[in-house]
Amino acid sequence: MFRDLADPELFGNEAGEDEDVDILASYFLEKSEFEQFYGDKKKLAFVRARKGMGKSALLAYTQFQRQQADSAGIYIYVKASDLNSIQNTSNITASDMIYGWQQKICTRINLELGMTLRTGFDDDSIYLIEAAEIAGFRKRNIISALFDRLNVKGGGIDVSRSRVAPTDSQAVLERIHNKKDVNVWMFIDDVDATFINTEEERIRVSTFFSACRNLVNGVSGLSLRASVRSDVWSILAQHDEALDKCEQYMLDLSWSTEDTGRILERKIHSYLMRYYPDNHLYNKLDLVRNRNEIRHVVFKEPFSWANRPLESFRPIHILSAGRPRWAAQLCKHAGKDALSKNSYKISAGNVRSVLKRYGQFRIDDLYKEHRHQCDQIENLVESFSGGNARYSTTQLLSHITDKVIRIIGLPKIDGFSAEHGSLSIAKFLYRIGFIMARDEKDKTGLGFVKFEDRPNLLSSKNNLDDGLIWEIHPSYRDVLRINK
C-alpha cells in the first residue's frame, strides 16, 4: 500500500459525476433521507447544498438506482449548459423564460429519443417541440406525445433500433409501438454554475424550478431531479415568491462527522477490493464490523489533535467543513506528503504539513463560491490575515468596524447594503463558513457550531452568540497566517 497513498483513485474522483458509475455505487453512502429522492413516487425533487457536498454524485447515483429498477426507461443526465438554447433569453419576461426552459427540456428528450431510435427523419425533425405548445399534450405520457409529433412531421416513417444504450432500447421501442407508457428520468446538474447576482441571472435560474414544476404536473411519465447551491437559492428566494412552492421538493444535503468517516472507509474498501482482490487480509474486512481496521490500512491512528487522541476522520471532517470533495482533496495532499517522507500510512503530521497548500485551495474556493454574494469578499477575509483565531462577539464586531467599514465602507451583501453594519458582515462571514462558533462543551475539542446548526446567531440583539466564542475556520488559518 506504500505507493497507493498517492494514487488519486484511493479517495475517489473529486467530481462524483465523472466517477465510473460502478465504482461510485461501490462506495456511495446511502442515507434514509435519500430514499424518496431516488424513489419513483416523487416525480420532482431538488438537492440543495454548498459546493463539494456531493450533489452531482447523488444525481449520478440516483440515475444508477433508477436504471437498476427499470431498465426499459429513458435516462438523461445533462449539465444545464448542455440544454440546447432555442431562444434569445435577454429582455424577456419570467413567463417567457419558464416556457423557454420547458422547451429546452423537451427538446433534449427529443434528441435522446432520436439517438436511441433510428427515425429516418432529417435533423430538423427532432426539434419539432420548438413549435409545440406544452399544453398540447397536457396529462399525456411525454414520450407518446413527443413521438406522435415526430411521426406526424416525419410522415409516419417506421422506427428501428439505432444503438446500444445503457437502457433496454428494444423494450423502449416495443412500448412506444404499443402506445404504452414510457418513463423518462432527466437529471439536470449545475443550473447555477455561472450564476452572478444580477436581475437577468436571477430570473434565468429561478424560472428553471417553476418550469420543472409545470412540466411534471402537466405530463405523465416524466421525473426530474436537479441540484442547486444553497447560497444561490437563498438569493433567488428573496426575489421570487414562486420558489416557496418548491421547498416541499427540496432535499438539504449534509454529512455528519460519522458520515465523513464512513465515506472515507467505503472509498478505501472499494479501492482494496478493486486492486487487491486476492489479498486474504483485505477480503476479510467488513464495512460494518471492521471500520477501524479499514482506516488503519491507510491512516496511522490515533491522530494527536487538539491535545487528544482521535480517529483520523474527526479532524478531517472539521478541516473539510463536512464536504466530501474537500475531504478527498485533503487526504490526497496528505497521502502525497506521506509518500514523499517514506511513510507507509498517513499521519496527523502529514495532514498538518499540507494545511497551507490545502488552505490556498479552500480560500480560492471561498472567493469563487461567494463572490456573487459580495464582491468585496476578499477584503472582508483578508482583513483577518495575521490576526487572532478567536474573537468574542464584541471583538469580532470591533475588528470589522475598524478593519473593514472604516477602510472600504459598507459592502453590499446579496445585493443589499449591509444595513446593520458590522453585524450584517459578521453574519455573512458566519453564513459562508469563514467563521464558526466554538462549543467548549464538546469533549473531542473539535466542537464547532455551523450556520446550519444555529442560523439565528448574530441575528437577535437579545442573544447574539449564546455565550459562544467565534473562530476562524481551521482550514483558512495557515494560509492567512492566523495566530494559533
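Visitor: What percentage of the 484 residues in the protein do buried residues make up?

Guide: Buried residues account for 56% of the 484 residues, where buried means under 20% relative accessible area, exposed over 50%, and partly exposed in between, with a 1.4 Å probe and protein chains only. This is a predicted model, in which local features need pLDDT of at least 70 and side-chain atom pairs count only at pLDDT 80 or more, while totals for chains, interfaces and linings use all residues. Residues are numbered from 1 along each chain as its sequence is written, and side-chain values use heavy atoms, with hydrogens and water left out.

Visitor: What makes strand S5 mostly covered?

Guide: Strand S5, residues 184–189, has six of its six residues buried; a strand here is a DSSP run of E with at least two residues, and a helix a run of H or I with at least four, both numbered from the N terminus. Val-184, Met-186 and Ile-188 point one way from S5, whereas Trp-185, Phe-187 and Asp-189 point the other way, and all are buried.

Visitor: Why are S2 and S5 called a pair?

Guide: Two strands pair if DSSP finds at least two bridges between them, and six bridges join strand S2 (residues 74–79) to S5, so these parallel strands meet the definition. Ile-74, for example, has Val-184 in S5 as its bridge partner.

Visitor: What is the order of strands in the open sheet, and why do S2 and S7 stand at the edges?

Guide: The open sheet of five strands has the order S2-S5-S6-S1-S7, with parallel pairing. S2 and strand S7 (250–252) each have a single partner strand, so one side of each is left without a neighbour in the sheet. Neighbouring strands are turned by 15° against each other on average, direction ignored, where axes are lines fitted to C-alpha atoms, for helices over the stretch in contact, and angles run from 0 to 180 degrees between N-to-C directions. Within this sheet, six bridges join S1 (residues 44–49) to S6 in parallel.

Visitor: What makes a set of residues a nonpolar core, and which members of the largest one touch the most others?

Guide: A nonpolar core is a set of buried Ala, Val, Leu, Ile, Met, Phe, Trp, Tyr and Cys residues joined through side-chain atoms within 4.5 Å. Among the 70 residues of the largest nonpolar core, Phe-11, Val-298, Phe-299, Ile-346, Phe-384, Leu-429 and Phe-434 touch the most other members. Helix H12 (residues 324–340) gives the most to this core, with seven residues. Apart from it lies another core of 38 residues, including Phe-46, Trp-101, Ile-188 and Leu-243.
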